[in-house]
Every structure is written in structure tokens, then in C-alpha cells.
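Open the model in your viewer and keep the selection tool at hand. We will go from one stop to the next.

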Amino acid sequence: MGHSKYLDSLSKQEYVDLTKRLWSIQNGVCFICEHKIDLDIQPTNIDHIKPLANGGKDDISNFAVTHEHCNKSKQDADLKVAKTILRLENIVKDAESKGESPSLQHVLKAYDGAKYQFKFKVQDNKLIYSFDDIGETAILESPIFIDKLSNEKTAYIEVPLEYLYHDTELNPRGLNSSVNLLIKEFSKPNPQLQIALARIDDGEIKLFDGQHKTVAQIMLGVRRIVIRLFWDTDYDRLMATNLAAGKQLKQIAFDKSIVRQLHDSLYAVRLSRYQKDNNLQEDDFSFSEQQIVDYYKGEKGSIKTYIVNSQKNAITRSQDNKLQSYINFEGRGTELPLSYSTFEKTFLSVFINSRTILNTPINYKVEEGLNPRILEKEQAIRICNIIAEELLIDKFNDEIGTYRIENNIASGRGDNIADEHLIACRLFKEEIMYNWIKYLQLLIKNHFAYSGVMYDDENLLQQPFSMQLWENIRKFIINLRELPVWKDRSMSATIFGGKNTYDYWKSIFQTGKTPEGTAVLAAPLNVSDMIR
């Protein structure tokens, strides 16, 4: 709270009376969290709604009463902004509690949006429409613009929230912290400079670009969003264009996990088109991945990438994958132990071959439970679950996270860090994880070799694992976890003090020592010893 001459001039009783007056005006709830205030048992603060530094007045009209805790933990000096950010946090937490990735669709649901279909017609080079479902019977018109290069038709319209949806196909991105910055920016009030983009799909207006800006506006009370609307568009081309905007052109901040999701959608489109072009039913998958690649001759490389990334996405995003809850999909972060980038460079790169395109029908041996892609997915998820169960669940403390863990321990401030949390933080460092995942891969190969079973060296997960192999995998993870090095706090300032290379930890696992000769392990890592 900024220094207030008005409040300083009040006697103790006058301050109490003002608190009660504001409490009554606010219907007995905190201005920030909007939960009940019990003046008899809860400490409170009176604060300026609009900070004095931003031109707020130092009088009763600009005061509000808050919980003392809410006032201390607020995320902005402006109480209206702090309230708005907290409302968004509650929407995000509610989505996450249901195992969902928070996005525009959750905000729309919270604010009574995404309810009605959009009715329109094209006449005299104009888009004709109305919003009758919300009682607005006026017939509206917007001029149609035709892109001279792509020939796409678009119009600029203002859409009530009740008619707006999130396009989870073209843009499956979740929300990130940039929304808070946009809320602060728009509240100043500074204008939105880039208009949102949307398309009409099955009668719904689906927004596929400008999600974060739209969320910020909605949270600040905007009920109508100005958009550039596409219709009668080539979905495939729009998908490819949107993907290129994020990947090659860097116009949209698409991270790798989102690219994988979009590739998954692009592959699904190609599958559907192949079926239609060859007069096949929607449930007929008697053709192979290679046939799909050959059919789309002009984009063979892209189709191969879509197929592999579709599999990677299916593994990573599966609701059955317990490791998913510990992966940060929005960059590196510090709350979770594993970034998507690390997961891809370690687990996915080792176990999912980016070059393999199958010649067997897509529905090959589905009934027998031996379909190679399904096996690969299910067994990858099962390995992920073992890793999560033995290394993370009820062990990793997300309230502590990974931020400056080694620095805090080295400086004597790590008393609150449990050994099991430290073990998790260390084992999921990219350069460390890559190397123990390679040993896990070796364990699987050795099992097949010693069993006398023929196996595909580059696609291990496409062959069924025996119960003994599953037991060995769990034993390996448990014994890896129990190595003394992962909870040795004396190494925080040295071995774990910074980011090392893959080869650095390869040397430690193979020799027990760093490349410089410093002893780290009691003995080199041995796969046979690790499953006893």
C-alpha cells in the first residue's frame, strides 16, 4: 500500500469504523479473493484500489478492505488487477484439478461463453449475421475481404463470448504466465495491437490465434471480442500455415509439445483424406503407414514426421501416463522436475525411432493385442508409470520445485529439502536422465538377447515384454534411485553445481569417475547388478 495521508490522519476508532463501512459496501467479502471476511477473527488491511503512483485518489472512493494475507501476497499494486489475476488462478487450478490443461475454453466456460452456433450467410460480398440467441435481433453486416495470394475469404467482426470457442485442433496451447502481463498491460489501459484469428467449423466460431490476449480481455470484463474470421477455408492449409507461423516463422510461440499435437492433427487429416479418396470406411485401417507416405508423394518427409510425432504425442498426452503430471509443457520452469524438451531428448528419442514407418496394415494384429504401434504406446506409458511411481509420486515436492536446489544445499539452506526430493531433481536433469535411459534401453535389449528372442533393435517397444522384463525394469529404477550419489549433499557445489554434458555423465556411469578422475560412484554402473 502506498503511503496514505488520509489513513494516517484517522484515529484508531475512525480506522475501525472505516474498515466496517468498506466491509459493508463490499458485502462482507475481501476485495481481492472475494471470500468472506470475519472482522472478529481475521486481520485486515485498507488499501488503495488504484495506486497513488498510478493517479489514484487518496480518499474513501479509492479504498477497499482486504484480508491481510491477500494484501501481502497480491500480484499487483492495483487491487483490481490483483483480483483479476487471482480469479484467473482459480480457473487454472480448477482445470488442473480435473487433469486438464488450462486454456481459453476454461475461461470461456467460467464466463458463460461457448454456448451458441453462429448463423450467417454471404450476400453482395458481405457477411450477414445476427446474435439472436442472446436477444440481439439486429441483422449485422461486415464487408468480405479476399486475400490476393491465398484467395481466402475473411471478415472482421465483434463476437459476443456466447458465440466464441477455443480451437483445440489448430491451437491446443495451454495458458502460461504471459496472460498476467497482458492483464496488467490492458488494464492501464493500453490497446491490443494484434487482432485475434478464428474460423467457422460446424457452426462454431473457433479462435485459433490470440488466445492469451483474448483471455486477458475477458478477465478484465470484456464481453465481445474483435476477430478476423475465416470460413469455407482449406482446413489442411490453415493448419499448415498456423504451424509454420509458430515453428518456422516464429510468429507464434509454439513449443515442441504443441508442434507434436499439431502434427498429430495433421496426420489424422491425411488419414481421413486417404480413406475418402480410396472409398474406405472411417473404421477401415487395412492400409499401412508406408502407403500413406507413398500416396502423398509431394510431402513424404512431412508425412513421416507427422506419423512419428503423432505417436510421441499419444504417449506423452495419454491420461494413463502418470509421468505427464510432472512434465512442464510450457518451457523449462522450476515447479516441475521435467521439461517436455528433456522428456523428448531422453525418453522419446531413445525409445521412439524417428525413422521407422511401418509396412504392416495400421490395424495389423489388433485383435491379438500385438499391433506394433499400440504395443509401443502402451509399453512406453507403462515404463513412464514405473518411473513416476518409483521416483516422483509422493516423493517430489512441487512446493519446493527445482529452483536453486543445489545452491541452497551448498549454502546451508537446504534443510527443508528431503532426500527423496533431491534424488528426483537430480535424476531428471537432462544429461543424467539421458544416460540412465540408455542403460534402461540396454537392459531391455539384453533381456531379449538372453531369452533367445528375435527383436527389432531400433523399435524395442513394438515387441511384447514378459513379466520378468517388467520386474527387471522396476528393479533397475529402484536400484538406480538407491545409489548414494543422488542424495550426497557434499556434491552440490561440485558434481551437481552446474549443467554438464551427456559425455560427462556417460563417463561417470561407465567408469564411476568424472572425465577428470573424481570418484562419484562406488563402481561403474552394471545392468546385471542393477536388477538383482
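Select E458 in this predicted model: at 43% relative accessibility, E458 counts as partly exposed. Its side chain meets that of R355 in a salt bridge, 3.0 Å from N to O. E458 sits in the loop between α16 (430–450) and α17 (467–481) and R355 in the loop between α12 (340–351) and α13, so the pair ties together parts 103 residues apart in sequence. R355, at 62% relative accessibility, counts as exposed.

Now pick K322 and E389, whose side chains form a salt bridge at 2.7 Å, N to O. K322 lies in the loop between α11 (300–317) and β12 (327–328), while E389 belongs to helix α13 (residues 372–391), 67 residues apart.

Next, go to E162 and R223, a salt bridge with its closest N and O atoms 3.1 Å apart. Is E162 buried or exposed? At 13% relative accessibility, E162 counts as buried, whereas R223, at 35%, counts as partly exposed.

Then show the open sheet of 6 strands, ordered β6-β7-β11-β9-β10-β8 with mixed pairing. β6 (145–146) and β8 (164–166) are at the edges with a single partner strand each, so one side of each has no neighbour in the sheet. Within this sheet, β9 (residues 196–201) and β10 (residues 204–209) pair antiparallel over 5 bridges; select R199 and you will find its bridge partner K206 in β10.

Last stop: the open antiparallel sheet of 3 strands, β3-β4-β5. Its neighbouring strands are turned by 20° against each other on average, direction ignored.

Methods. Residues are numbered from 1 along each chain as its sequence is written. This is a predicted model: local features need pLDDT of at least 70, side-chain atom pairs count only at pLDDT 80 or more; totals for chains, interfaces and linings use all residues. Side-chain values use heavy atoms; hydrogens and water are left out. Two strands pair if DSSP finds at least two bridges between them. Helices (H or I, at least four residues) and strands (E, at least two) are DSSP runs, numbered from the N terminus. Axes are lines fitted to C-alpha atoms, for helices over the stretch in contact, and angles run from 0 to 180 degrees between N-to-C directions. A salt bridge is a side-chain nitrogen of Lys or Arg within 4 Å of a carboxyl oxygen of Asp or Glu. Buried means under 20% relative accessible area, exposed over 50%, partly exposed in between (1.4 Å probe, protein chains only).
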